[in-house]
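Opening the notebook on this one. I want to go through a sheet, a few salt bridges and a couple of loop residues.

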Amino acid sequence: MVFSRVSTFDEHNLYLSGVLKTLFFWIFSSLTGALFCQTNAYLDQLDQRVDENPDSVQTIVLQNLEETSDIRKKIPLYHLLGQCFLIQNLPDSALYYLHIEDSLLDNYAYYPAAAKNKALIADVYYDSGKLTIAEKFYTEALSYAEHTKDYALICGALLDCGWIAREQGRHAQALDYYFRSIQLAQMNKDEILLANAYGKIAIVYNVAGDLVQARSYYYQSMNIYYKHRMMANVGTLYNNIGLMHEYAADYDSAIWFFEKAKHISDSLHDERGVAIANENIGLMYYQKKQNLNEALVMLNNSLTTWRNEQDIFGQCQTLIYMIYIYRLQGLHQTALDSSFRSLEMAKRAGARDVELQALEQIYLTFNDLKHYDKALEYYLLFDNLSDSLSAMNANSEIDRLALQHEFESKQLQDSLALALEHEQKQAAILLDVETGKFWNKLMLIILLALALVSVLIFYLARQQRKNARIVSDTNLLLQAKNKEIIDSITYAKRIQNAILPSSSLIQKVFSNSFVLYKPKDIVAGDFYWYAETAQGEDKTVFFAVADCTGHGVPGAMVSVVCNNALNRVVKEFGITNPAEILNKVREIVISEFEKSDEEVKDGMDISLISIPNYSHFKNQLHAGHRAEFYWAGANNPLWIFRNHARLIEEIKPDKQPIGKYTNLLPFSSHRLLVSSHDRLYLFTDGFADQFGGEKNKKMKYSAFKNLILSSHNLTASDQREALKKFFITWRGAFEQVDDVCVAGIFFS
């Protein structure tokens with residue numbers, strides 16, 4: 001900001017004042033020129049003067065640039081020049097000198113300076129709404145910051161990367177950055193950084209619709225800012241809390257918070273803060289369907305601010321809010337023109353969320369104008385972008401990150417507690433040793449005649465106590481470590497459960513079905529998987545039961561890799577044929593494991609079904625017709641219970657796993673037909689491989705098949721309980737040998 005004031009001097013005094021200023025500046029420059037580039041203290045003094053008098057600092061810096069030929073001494077001077085031009089609201093000139101500094105820093109390992117410079121360049125691009133370029137420099141700033149030991153620099157870079165990711169619509173990735181910054185702030189007990197991170201995390205939860213979590217984080221941040229009297233930050237929180245009330249459709253409360261934010265920003269001469277508050281208040285008037293003309297005036301004021309600052313992101317977002325009102329007032333052509341302007345600027349800025357909103361307004365406005373072909377064209381663009389953003393910001397990913405943050409925070413607290421306990425024990429041991437030495441000397445002086453006997457007795461007694469203490473401390477440490485490991489694996493189970501489809505989801509799709517899932521250990525290598533993809537007005541559903549190499553923690557780690565590969569193949573590559581899915585999953589899994597220096601031969605056995613046009617499939621069954629679906633298997637078969645014949649038809653799998661194998665062949669896809677009251681069974685080898693019974697023998701698949709046939713008249717839930725009860729009885733006192741997963745889908 002340029003500092004200025006109104007002078008009350010007449011013309012003569014003004015001339016004298018100018019002469020005196022020039023003389024003072026010449027003397028100041030002469031005295032300090034020799035010192036410049038020799039001490040960091042002088043650079044710090046100039047840095048502190050930039051805000052007050054950027055013109056003077058700029059002149060001094062340019063003079064010293066001419067006088068020095070040392071590249072390393074020029075680097076901080078270019079940074080100061082960039083700051084001067086930013087204060088004077090000349091961003092293009094600022095970028096010119098900051099980019100010179102950036103190119104010079106590439107030749108030196110000045111990581112803190114490089115991180116700060118790249119972050120400042122990113123800020124300039126962000127303020128002009130060029131989000132894609134800004135993100136590139138924020139990411140580079142983080143990379144350089146991580147080479148330093150400056151936790152505050154690293155935290156700031158993480159928060160910047162999170163903010164720019166959220167602005168571009170990648171909310172789950174933003175949350176990952178924010179949780180990493182919280183860990184550093186907690187380790188270093190930095191409340192201000194914690195408050196900053198809490199406020200930004202609250203925005204993510206607000207957008208995700210989790211208002212309980214959002215409110216919790218907002219008020220944790222608010223308490224810290226009030227404690228440190230940071231009113232500018234309080235104003236920002238008021239604005240964001242207003243957005244939370246907007247999501248809850250409590251528009252009056254939202255307006256109250258926006259007005260509070262506007263008042264604080266106005267008192268601090270924060271034009272951007274005032275502009276943001278104005279557009280939010282205008283949006284609330286639209287939501288309440290009142291004061292629409294006043295709302296347009298407020299939004300136009302905000303738009304003027306963004307245009308003056310050449311902020312294309314701010315312009316495209318404010319235009320969206322104005323389009324809402326244009327459509328409500330019946331100004332369809334104005335709405336259409338503004339929508340296309342907003343779309344063009346959103347693409348330039350890299351703002352995917354705003355691009356989505358612009359596409360929505362375009363197809364809605366074409367629909368209002370009864371141009372249905374155009375409306376359909378832009379609706380398809382809107383729908384594709386919406387699916388892409390939804391997949392990128394799935395709530396399950398946000399939940400997984402929250403669980404991971406909770407798990408890592410607990411580990412950090414446990415580690416600090418163990419370190420403190422160890423220090424206390426060491427201090428107690430040292431105290432005991434010093435006390436023992438004192439009494440040894442005293443005993444030697446008082447009981448000189450019995451010295452040899454006393455020393456021997458004391459030594460033996462002390463060794464016995466020491467050995468007992470060592471045994472006791474070792475037991476306590478082992479107990480603590482064992483508890484830590486169990487707690488860690490239990491948290492891992494929560495994370496693994498987060499990737500499994502919920503029972504309510506499976507029941508919603510397959511209303512008459514069951515899943516019997518019994519891990520051998522806390523976490524498992526077996527898992528079951530569900531996905532669906534839209535195809536026009538209908539969808540394709542996928543269901544699989546898989547068995548990854550091993551069980552326990554190693555098996556669980558492989559299962560996460562394989563589960564992610566299945567999701568990528570269906571959601572990212574759009575493959576629906578089950579054999580092609582397995583081929584692509586195998587390619588991804590092998591590629592992931594080849595990143596290691598060691599050869600990894602782990603993989604997965606799987607039974608996978610695909611039902612295209614699922615609505616038509618159900619209708620065919622209800623009408624009494626046979627319906628088709630597709631299946632492929634890697635080592636695991638599919639059993640079909642044919643109700644009319646009371647027998648089980650087994651569909652053989654390909655005898656090869658998902659993973660490295662001596663003779664890799666393409667997987668086979670099977671087109672199959674089922675009738676009403678037929679049943680599908682997908683399973684891993686854990687049930688049939690269990691040892692038990694009176695002679696402790698393996699159950700085998702023949703006994704497993706007979707068990708299913710003998711309970712064919714039961715409902716899905718009753719058959720699940722029957723299988724579970726039989727397995728427990730068969731196993732008896734013997735150990736469970738492997739993970740168990742059996743799924744049954746009944747067609748009625």
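Cut-offs before I start: I call a residue buried under 20% relative accessible area, exposed over 50%, and partly exposed in between. Aspartate 368 has 31% relative accessibility, so I log it as partly exposed. Also for the record, this is a predicted model.

**Entry 1: aspartate 368 and its partner**

I looked for what aspartate 368 pairs with, and found a salt bridge to arginine 327, with the closest N and O atoms 3.0 Å apart. Aspartate 368 is in helix H18 (residues 352–368) and arginine 327 is in helix H16 (residues 312–328), so this pair ties together parts that lie 41 residues apart in sequence. Arginine 327 comes out at 22% relative accessibility, so I put it down as partly exposed too.

**Entry 2: other salt bridges**

How many salt bridges does a search of the whole structure find? I got 27.

I checked glutamate 649 next: its side chain meets that of arginine 642 in a salt bridge, at 2.9 Å from N to O. Glutamate 649 is partly exposed at 29% relative accessibility, whereas arginine 642 is buried at 9%.

Then I took glutamate 650, whose side chain forms a salt bridge with lysine 652 at 3.6 Å, N to O. Here glutamate 650 is partly exposed at 30% relative accessibility, and lysine 652 is exposed at 55%. I also noted one network, in which salt bridges with shared partners join Asp102, Lys118, Lys136 and Glu140.

**Entry 3: the five-stranded sheet**

I traced an open sheet of five strands, in the order E1-E12-E9-E6-E7, with antiparallel pairing. Its edge strands are E1 (513–518) and E7 (647–651), each of which pairs on one side only. On average, neighbouring strands of this sheet are turned by 15 degrees against each other, ignoring direction. A reminder to myself: strands of a sheet pair through backbone hydrogen bonds, either parallel or antiparallel.

I zoomed in on one pairing. Strand E9 (residues 679–683) and strand E12 (residues 740–746) run antiparallel over five bridges. Which residue stands opposite tyrosine 681? I found glycine 744 there, in E12.

What lies across E1, E9 and E12? That turned out to be helix H27 (residues 716–731), which runs at about 25 degrees to E1.

**Entry 4: asparagine 636**

I found asparagine 636 in the loop between strand E5 (627–634) and strand E6 (638–642). Is asparagine 636 buried or exposed? I have it as buried, because its relative accessible area is 5% and the cut-off for buried is under 20%.

I then looked at what surrounds it. The side chain of asparagine 636 reaches the backbone oxygen of phenylalanine 683 at 3.5 Å. Leaving out residues up to four places away in sequence, asparagine 636 touches Val545, Asp547, Asp605, Ile606, Ser607, Trp631, Pro653, Phe683 and Thr684.

**Entry 5: glutamine 310**

Last stop was glutamine 310, in the loop between helix H15 (292–308) and H16.

Methods. Residues numbered from 1 in each chain as written. Predicted model: local features only at pLDDT ≥ 70, side-chain atom pairs only at ≥ 80, totals over all residues. Heavy atoms only, no water. Helix = DSSP H or I, 4+ residues; strand = E, 2+ residues; numbered from the N terminus. Buried < 20%, exposed > 50% of the residue type's maximum accessible area, 1.4 Å probe, protein only. Polar contact = N/O pair within 3.5 Å; in protein donor to acceptor, adjacent residues only side chain to side chain. Contact = heavy atoms within 4.5 Å. Pairing = 2+ DSSP bridges. Axes fitted to C-alpha atoms, helices over the stretch in contact; angles between N-to-C directions. Salt bridge = Lys/Arg side-chain N within 4 Å of Asp/Glu carboxyl O.
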